[in-house]
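This report describes one protein chain for a reader who is new to structures. Please keep the sequence and the picture in view while reading.

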Amino acid sequence: MDMHFRFDPRDSTAAGCGSDRTDAIEAKWLALHQAAAAVALAAGLPGDAAGSPAHEFPAAITALGGWQLTQAKQGLDDLTAIMEPGLAALLTLSQRGADCRAAAETLLGEFSRARTALLGLLPWPMNDEHL
């Protein structure tokens, strides 16, 4: 008996799980990764230093549902609450000609830890190439 499970987002869409809720989570997930790429550049790192967005995550967490989905939504909101003012502060520092690399590295570290925690809500690893 094969006890391994591989999530296929097409299965959740066919079952009616590919909803507006998934779209909203995906939009926030991708926007956070775009913001993290900008933060990485401000830290003097390549934009992909923030990690790949793990494109299957929004559909997987929505299909999983339950407490994991609730925690993921709260985690995304929390991460947004960290990234928005952090990115605004970095832009202000940059506009004033200040060296913002240390602050950007710190913000990028916060993003990475939160991202890892969000991905850890899934009971299986994501199979994205650049995790």
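## Terms and model

A residue is called buried when its relative accessible area is under 20%, exposed when over 50%, and partly exposed in between, with a 1.4 Å probe and protein chains only. This is a predicted model, in which local features need pLDDT of at least 70 and side-chain atom pairs count only at pLDDT 80 or more, while totals for chains, interfaces and linings use all residues. Residues are numbered from 1 along each chain as its sequence is written, and side-chain values use heavy atoms, with hydrogens and water left out.

The mean pLDDT (the predictor's confidence in each residue, from 0 to 100) is 85 for the protein chain, and 82% of its residues reach 70 or more.

## Overall build

The protein chain has 5 helices and 0 strands, where helices (H or I, at least four residues) and strands (E, at least two) are DSSP runs numbered from the N terminus. Of its 131 residues, 37% are buried.

## Helix α3

Helix α3, which spans residues 57-64, is mostly covered, since 6 of its 8 residues are buried. The buried residues are Phe57, Pro58, Ala59, Ala60, Ile61 and Thr62. Just after α3, Gly65 takes a positive phi of about 65°.

## Thr80 in helix α4

Thr80 lies in helix α4, residues 66-95, and counts as buried because its relative accessibility is 17%. Not counting residues up to four places away in sequence, Thr80 touches Lys28, Leu32 and Pro85, a contact meaning heavy atoms within 4.5 Å. Thr80 and Ala31 are 49 residues apart in sequence, and their C-alpha atoms are 9.2 Å apart in space.
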